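My entries follow in the order I made them.

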Amino acid sequence: MLVILNPNTDEQSPEFKKTWKHLKSLPNITVKMHRIEGALQSLTEIYLIGETRAIPIESIQALPAVERVIRISEEYRILGRHHDKLRTVGFEYQGLQFDQHSFHIFAGLCAVDNPSNVETMLKAVHEQGLQCTRMGAYKPRTNPYSFQGHGKSCLSYVFELAGKYGIKVIAMEVTHESHVAEIDEVLENLGHPTGVFLQIGTRNTQNFELLKIVGRQTKYPVLLKRGFGITLNESLNAAEYIASEGNANIVFCLRGMKTSFSDPHRNMVDFTHVPVIKRQTRMPVCVDPSHSVGSREKSPEGILDIFHATAQGIIAGANMVLVDFHPKPADALVDGPQALLLKELPYFIEDVRLVHDTFEKRVALAEKYAETTGV
Ligand code: PEP
Ligand code: MN
């Protein structure tokens, strides 16, 4: 059972104290509080876990600090929708809104290699009017002898250059608790010239200790990749792990599934799951066409498969695209074969806008159809 308190309820107020005392006194029920700090108001949700079926909703609804009460299913307690249209969806970070209606392109380097390529990349992103990017400093690699990323040593110049070019958010993968601390330390020392989404890669989707670590802090939102060899339900539960620790500012990212049936693509594109995730949870959904497709092959029409996959995600309602670019893909230290060229960035954005406009027209068409037919 989910108990939503009146907005801005003060924990010191008599209303809160009376409500809390009553909830804590319920037998065989665990009470868990979850606070959501928004730009305009703070919201408090209280989860009653245990045998709640016998508790009449009216008895909880009547408590002084309570706005409303929702019976929720066991799955995705915090992130699920639970048929309640009024609950907040998404979050604000660095002045940008991330929700199931927003749309952002995170174009950037798979792996940071040197300051010159970082600057060239960020300048190009800025010139296209984008405010987000991706930059890998900690790279989980299949082969222990492959380049593992520059780690902490590159963070200062990456963050400084991001600030210089007005980049508000960088998606950066972390694979260990120390990486979160390093990112935070460097951002603090520099006075936060930019922001970071802590990216959890597909190899760590079920690294529960790492999920708890990014969930216990609320300074940085989390970009969680779907696990490449587990069910969607298992990956959504991974997101719920993060939320259950206190941080519900999560974007869920589809990046393709590992199976040889995907050949010649690197992974089997799974972007038809975009609407499923939007229906089952309140998370904004991202698609990563680069790691799905993994190459620069083109269709006979002359369109790159990466562009086609991007379009498939957006036409299905994706709220974010994470995509690899590189100033000189032949020199890239990681994933050069799938990197788009900087001269393709304006074309990519134009193609994305075209598809996104069409998605919005599809939504309007669905609304019109629902109004006229009632279906
Ligand atoms: C990446 O985005 O650089 C990456 C390693 O992705 P994934 O975890 O999806 O393989
Ligand atoms: Mn990569």
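I began with helix H10 (residues 305-315) and helix H11 (residues 345-373), whose axes come within 9 Å and cross at roughly 30°. Axes here are lines fitted to C-alpha atoms, for helices over the stretch in contact, and angles run from 0 to 180 degrees between N-to-C directions. Helices (H or I, at least four residues) and strands (E, at least two) are DSSP runs, numbered from the N terminus. H10 and H11 are therefore roughly parallel to each other. For the wording, angles under 35 degrees count as roughly parallel, over 145 as roughly antiparallel, 65 to 115 as roughly perpendicular and the rest as oblique. I noted the crossing of H10 and H11 as right-handed. A crossing is left-handed if the near helix is turned anticlockwise from the far one by less than a right angle, and right-handed if clockwise.

Next I listed the contact, meaning heavy atoms within 4.5 Å. From H10 come Phe307, Thr310, Ala311, Ile314 and Ile315; their partners in H11 include Tyr347, Phe348, Asp351, Val355, His356 and Arg362. The contact of H10 with H11 sorts into nine nonpolar, three polar and two charged residues. In this sorting Ala, Val, Leu, Ile, Met, Phe, Trp, Tyr, Cys and Pro count as nonpolar, Asp, Glu, Lys and Arg as charged, and the others, Gly among them, as polar.

A note on provenance: this is a predicted model, where local features need pLDDT of at least 70, side-chain atom pairs count only at pLDDT 80 or more, and totals for chains, interfaces and linings use all residues. Residues are numbered from 1 along each chain as its sequence is written, chains are lettered from A and ligands numbered from 1 in the order in which they are written, and side-chain values use heavy atoms, with hydrogens and water left out.

I moved on to helix H3 (residues 115-127) and H4, which pack at an angle of about 25° with their axes 10 Å apart. That makes H3 roughly parallel to H4. Their crossing is right-handed. H3 supplies Pro115, Val118, Glu119 and Leu122, and H4 supplies Tyr157, Val158, Leu161, Ala162 and Lys164. I counted seven nonpolar, no polar and two charged residues in the contact of H3 with H4.

How do helix H4 (residues 155-164) and helix H5 (residues 177-190) cross? Their axes come within 10 Å, at roughly 50°. H4 and H5 are therefore oblique to each other. H4 passes H5 in a right-handed crossing. Leu155, Ser156, Phe159 and Glu160 of H4 touch Glu182, Ile183, Val186, Leu187 and Leu190 of H5. By class I get six nonpolar, one polar and two charged residues for H4 with H5.

Then I searched for space. On a 1 Å grid over the protein atoms alone, a cavity is a set of points where a 1.4 Å probe fits but cannot get out, and a pocket is an open set with protein on both sides within 12 Å along at least five of seven lines; lining residues have an atom within 4 Å of a point. Grid points are joined across faces, edges and corners, and a volume is the space filled by probe spheres set on the points.

The whole structure has one cavity of 30 Å³ or more. The largest cavity holds about 140 Å³. Of its 13 lining residues, Thr88, Val89, Gly90, Ala248 and Arg282 lie nearest its centre. The lining has eight nonpolar, four polar and one charged residues.

The largest pocket holds about 680 Å³. It has 22 lining residues, with Arg81, Gln100, Lys278, Arg279 and Gln280 nearest its centre. Helix H8 (residues 274-280) gives the most to this lining, four residues.

Last, I checked the backbone. The peptide bond from Asp263 to Pro264 is cis, with omega near 5°.
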